[in-house]
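Student: I have a new structure to look at, and I would like to learn how to read it. Could you walk me through some features?

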Amino acid sequence: MEINFSELKNKLEKYNPKLRIYSDMIVQDYLIMQKYMIEFQSNCIYVAKPDDVPEELSIESHLNVILITQDNIVPPILNDVRVNLIIIEGKHDTAEILNDLYTILHSEKKLLLASSKLLSSLSQGCKVQELLDLGSELIGNPILLVDMSTSLLAYSGISDSIDEPAWNSHIKNGYITQEYYKLYEKEARLAYTNSDKNSPILLESKIWKHRIILHKAIYQHSILGFIEVLEYNKSFHRSDFEVIKLIGNAIGIVLQRSSYNSNFPESTIDASYINLLMGKPANREQLSDLNKYLSIESTDHLFVLCIDLKSLVDANSKILYLKNKFERIVPRNYTVMYNEQIILLLVRKDSHLLQPELEQIQHLLAENSLIAGISRGFQNLNKLYSEYNKAEAIIEIGRNMDMNKLLYIYDDYMPYHLLSLTSETANLLEVCTPELLDLIEYDKTKKTEYTMSLYYFIINNLNMQKTSDILHIHYNTLKYRLQRIEEFHSLDLSNELIQLNLRLSFLILEHVNKMDFISYMSSVMT
């Protein structure tokens, strides 16, 4: 049992004490001061009334005293500068103050024990269940933990015969039912409005037969869940609030690094994935592990869905809930929290996302007041960084251009992304239509002329006859080439946005290579 002298004064605030401090020493025990005393312990605090104070004091280093004085009388001997003095004025019973000192020191002992056990548990890599078991042991009451979707994560100290219907319902169903949730949320919000939002609160709810302590499991200002303690086996003590605060902080740490949360990498797979998002290329072995873990086949197409949380009200309190919801409902995805966003890597057989799936994503966004961007499709995980940047960039671009939309698809906004970029070569090449670059590479390898046929067709506004005349080929030959381009390179040449993307891509290649496109292709083919 120990507490700083100045902190002890704060714990006695109901007496409106005055403080005069020489050295803020540790107090471990208390005694009643007697007139006959000669020697005093420096780690003890002595409770006295003026008549109890000896006329002479033997003070080796310092002396801690609580003086109860009705007439504001302070014995001269206590004016010694080596005396740490708490003065309590008025008519107060010594026994009452002694009882308070016992309670305070007992609480401090309880907190010290809790801190010691928590530190030991955390150093040994404990799990959430172990922390709840420890919390229930220290407080002597049942305790449970829910995530932000009110789903039950763990509980402790609960027997089958517990007389608390709301609590039993939560344990049985694994979540708070709508019936209880509406009342519960209203009362919890009211309680937090009238108290420190980072401290435990006491709820006397209509839905509980017993009072509960409610506290947030917090890590670095992010709320990861809620802890509930039921006043069932014994009455709450004020030290319980401090203990549950310690438990909450410890659970926040464990949740952050556990399977309940994905903010930090938990494995080499997670670390490799987050490194890719940060622009750090993976080696062949890492890519192989990622592809195997994510069940990505060589023919699969990948898309980055970037969900922005920056404008979401009270985002920290909803992160786990939203992450779990998208992860559960959107098929074949890998989800992480990154840069105040929910990032989903979508793995698909098709080279584009189907309309029903896009509508499902839009419905989820609307349901939760969110906006998101989707990248182009790609097939190499080392392109994850650039495609993530595209998905992120079009959120801001799309929001500025069309505030009514919730889901922005990169190809719909590619020209505007181009305009927002600098003229750096690397950035501009990232914007080029990938199918055009593939087509150029195909021509280079096979010595074919599909790219020039496409180029003249686009710049001549899809005029087949004019294009065939320029190329000095038969009309049907041009028609065949364009059909092959559409079939084997997934380009719908009747789509106006694709036409615009191709025009811009031609311009980019001219700008980057500092020559017209015809000269550029001539250099490529030689």
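This is a predicted model: local features need pLDDT of at least 70, side-chain atom pairs count only at pLDDT 80 or more; totals for chains, interfaces and linings use all residues.

Student: How many disulfides does a search of the whole structure find?

Tutor: A disulfide is a covalent bond between the sulfur atoms of two cysteines. The cut-off is a pair of cysteine sulfur atoms within 2.5 Å. Here the search of the whole structure gives zero disulfides.

Student: Is cysteine 44 buried or exposed?

Tutor: Buried means under 20% relative accessible area, exposed means over 50%, and partly exposed is in between (1.4 Å probe, protein chains only). Cysteine 44 has a relative accessible area of 1%, so it is buried. Cysteine 306 is buried too, at 0%.

Student: Which residues does serine 505 touch?

Tutor: Contact means heavy atoms within 4.5 Å. Leaving out residues up to four places away in sequence, serine 505 touches Met414, Cys432, Thr433 and Leu436. Serine 505 counts as buried because its relative accessibility is 0%. You will find serine 505 in helix α18, residues 496-513. Helices (H or I, at least four residues) and strands (E, at least two) are DSSP runs, numbered from the N terminus.

Student: How many salt bridges does a search of the whole structure find?

Tutor: Side chains of opposite charge can pair when their charged atoms come close. A salt bridge needs a side-chain nitrogen of Lys or Arg within 4 Å of a carboxyl oxygen of Asp or Glu. The whole structure has 18 salt bridges. In one of them, lysine 14 meets glutamate 96 at 3.9 Å, N to O. This pair links distant parts of the chain, 82 residues apart: lysine 14 is in the loop between α1 (5-11) and β2 (18-20), and glutamate 96 is in helix α2 (residues 94-123). Lysine 14 is exposed at 57%, while glutamate 96 is partly exposed at 33%.

Student: Where do glutamate 89 and lysine 18 lie?

Tutor: These two form a salt bridge, with their closest N and O atoms 3.0 Å apart. Glutamate 89 lies in strand β7 (residues 83-89) and lysine 18 in strand β2, so the pair ties together parts 71 residues apart in sequence.

Terms used: Residues are numbered from 1 along each chain as its sequence is written. Side-chain values use heavy atoms; hydrogens and water are left out.
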